[in-house]
Amino acid sequence: MEYDLINGLASAIDNVYNYSSEDGSRKTKARLIGEEMHITYVTILNSSRESDLHHQMSSLKKESNEMISSRLRTIKKEFKDASGRSLTTKKIGITDDVETLTVSPYSPFRKLKYSCTYKYEVK
């Protein structure tokens with residue numbers, strides 16, 4: 001990868017700015033790993049039953065896609081402003097994960113962490 005590309009991309013994905021929701025429950029973060037840029041969406045949610053989680057997953061996937069796409073547009077804009085050329089990206093993979101944070105035998109609610117990562121090849 002070229003030095004100018006790395007330098008421009010590093011300044012564009014710098015997490016000095018706050019890329020989270022107003023209440024702090026949702027956040028995106030971007031990082032450069034080798035030839036790939038990974039943009040991750042993370043949120044915390046409460047679920048009472050397994051069936052509730054299935055209903056929430058479709059809205060979570062839609063929300064993660066919107067927030068990651070918004071972050072990618074911001075990165076491309078910042079890159080163009082910093083380097084004077086456009087950033088070309090190609091989506092090469094998607095992974096998502098649900099992690100249980102808290103469970104109690106006295107409460108039907110579980111606190112879960114949902115994360116979704118889009119992997120892009122950058123040029």
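**Entry 1: burial**

I began with a working definition: a residue counts as buried when its relative accessible area is under 20%. I also noted that this is a predicted model. With that cut-off in hand, I looked up two tyrosines, and both Tyr118 and Tyr120 are buried.

**Entry 2: aromatic pairs**

A reminder to myself: a pair of aromatic rings is described by the distance of the centres and the angle of the planes. How many aromatic pairs did I find? The count comes to two. In one of them, Tyr41 and Tyr114 sit edge-to-face, 6.4 Å centre to centre and with 65° between the planes. I then checked where these two belong: Tyr41 is in strand S2 (residues 36–47) and Tyr114 in strand S4 (residues 110–122), so their pair ties together parts that are 73 residues apart in sequence. Buried or exposed? Tyr41 is buried, with a relative accessible area of 0%, and Tyr114 is buried as well, at 1%.

My tyrosines from the opening entry turned up again here. Tyr118 and Tyr120 form an aromatic pair that is tilted, with 6.4 Å from centre to centre and 50° between the planes.

**Entry 3: the sheet**

Next I traced the strands. Which order do they take? I read S1-S2-S4-S3, in an open sheet of four strands with antiparallel pairing. Strand S1 (26–33) and strand S3 (89–102) are the edge strands, each pairing on one side only. On average, neighbouring strands of this sheet are turned by 20° against each other, direction ignored.

I had to remind myself what holds such strands side by side: strands of a sheet pair through backbone hydrogen bonds, either parallel or antiparallel.

**Entry 4: partners across the strands**

I went along S1 and S2 and found eight bridges, in the antiparallel sense. Ala30 stands opposite Ile39 in S2, and Arg26 has Thr43 in S2 as its bridge partner. S1 and S2 form a hairpin, with two residues between them. In the turn I spotted Gly34, which has a positive phi of about 65°.

Then I moved on to S2 and S4, which pair in the antiparallel sense over 12 bridges. Here I looked up His38, and its bridge partner in S4 is Lys119.

**Entry 5: helix H1**

Last, I turned to helix H1 (residues 3–12). Which of its residues are buried? I listed Leu5, Gly8, Leu9 and Ala12. Why do I put them on the same side of H1? They cover an arc of only 95° around the axis.

Technical notes: Residues are numbered from 1 along each chain as its sequence is written. This is a predicted model: local features need pLDDT of at least 70, side-chain atom pairs count only at pLDDT 80 or more; totals for chains, interfaces and linings use all residues. Side-chain values use heavy atoms; hydrogens and water are left out. Rings of Phe, Tyr and Trp (its six-membered ring) pair if their centres lie within 6.5 Å; planes under 30 degrees apart count as stacked, over 60 as edge-to-face and the rest as tilted. Buried means under 20% relative accessible area, exposed over 50%, partly exposed in between (1.4 Å probe, protein chains only). Two strands pair if DSSP finds at least two bridges between them. Axes are lines fitted to C-alpha atoms, for helices over the stretch in contact, and angles run from 0 to 180 degrees between N-to-C directions. The arc is that of the directions from the helix axis to the C-beta atoms.
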